[in-house]
Amino acid sequence: MKIVLLGPPGSGKGTQAAVLAKDLGYAHISTGEILREEIRKNSPLGLQAQEFVKSGKLVPDGVVISIVKERTKKEDCKNGFILDGFPRTIPQAEALEKEGITIDKAVSLEVTEEECVRRLGDRKSCPQCGAVYNPVTRPPKNEGICDQCSSALIQREDDKAQTIRERFRVYSQKTAPLLDFYKKSKRLFSLDGHLNPEKVLTNLKNLV
Ligand code: ADP
Ligand code: ZN
C-alpha cells in the first residue's frame, strides 16, 4: 500500500509516519528529513536546498520530485511506503501519477493552526538523527539530550516563530489544494489530529 500523510506543519505527520511504517513493515519517506540530511552533509543537493528549508519556503518541485522518484525505487519500498511531506504541491502529486506511482490513500491529519504553532514552538529536534521531542507528549529521557544518539537537542531553524508563519502561508497556498486533489479521486481520509498520539495511531491503523 502507498500512503500519503497530509496535514499542516506540526500536525504530527512525521511522528505518526515513523511508527506506522515500522509497524507495517513499510518505508517511511520524509522529504524534509532527506533534505535536512543532505544539508548536514553539505552535499550539492543540500547546498541547493538550504536557503529554502531555513526560510520555510518550498524547495523547487523538480528537486524533490527526483529525490522521491529515486527513493521509491529502493528495496525497502517493495511492501509499501508512507510519504511524509510529499507531495506538497499539485505538480508534485501529478508527477507521482505520471511515474506510475499510484497512491492508495491520502490521510489528512486535521489540527488547528493555533495548536500546530504551539507544538512547533515547543518542539526540540536532534540535529544528528532527526528525532523529534515535545516537552509534554514526548519528552526525552534526559532533558535536552537525544534518546537515540545522545546529541544535544536544538530548536530547528524553521521552527522559529517567524518562519512558522511563513510555512503556514505556504501550506494554505500550495499544499491545502491537495486535499481536494485526493478527494476528487475518492482517496482522501481525515483524522482528528488533536487526540493523543497513541489514539491517532490507532485510528490511522484502522484506516489503512
Ligand atoms: P513540516 O512538515 O513540519 O513543515 P518537513 O520536515 O516536512 O516539515 O519539511 C521541512 C522543509 O523542507 C519545508 O519547509 C521545505 O522547505 C522542505 N521540503 C520538504 N518537503 C518538501 C517538498 N515535498 N517540496 C518542497 N519542499 C519540501
Ligand atoms: Zn539523535
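Arg138 lies over the face of Tyr133, 5.3 Å from the ring centre. The charged end of Lys105 sits over the ring of Phe189, at 5.2 Å from its centre. A charge sits over a ring if NZ of Lys or CZ of Arg is within 6 Å of the ring centre and within 35 degrees of the ring normal. The model is predicted, so local features need pLDDT of at least 70 and side-chain atom pairs pLDDT 80 or more, while totals for chains, interfaces and linings use all residues. Residues are numbered from 1 along each chain as its sequence is written, and side-chain values use heavy atoms, without hydrogens and water.

The structure holds 1 aromatic pair (ring centres within 6.5 Å; planes under 30 degrees apart stacked, over 60 edge-to-face, the rest tilted). Phe181 and Tyr182 form this edge-to-face pair, 5.0 Å centre to centre with 85 degrees between the planes. Tyr182 is buried, with a relative accessible area of 0%. Buried means under 20% relative accessible area, exposed over 50%, and partly exposed in between (1.4 Å probe, protein chains only).

Helix H9 spans residues 197–207. Helices (H or I, at least four residues) and strands (E, at least two) are DSSP runs, numbered from the N terminus. Val200, Leu201, Leu204 and Leu207 of H9 are buried. They cover an arc of only 125 degrees around the axis, which puts them on the same side of H9. The arc is that of the directions from the helix axis to the C-beta atoms. On the other side of H9, Glu198 and Asn206 are exposed.

Note on methods: Chains lettered and ligands numbered in written order. Phe/Tyr/Trp six-rings, centres within 6.5 Å; stacked < 30°, edge-to-face > 60°.
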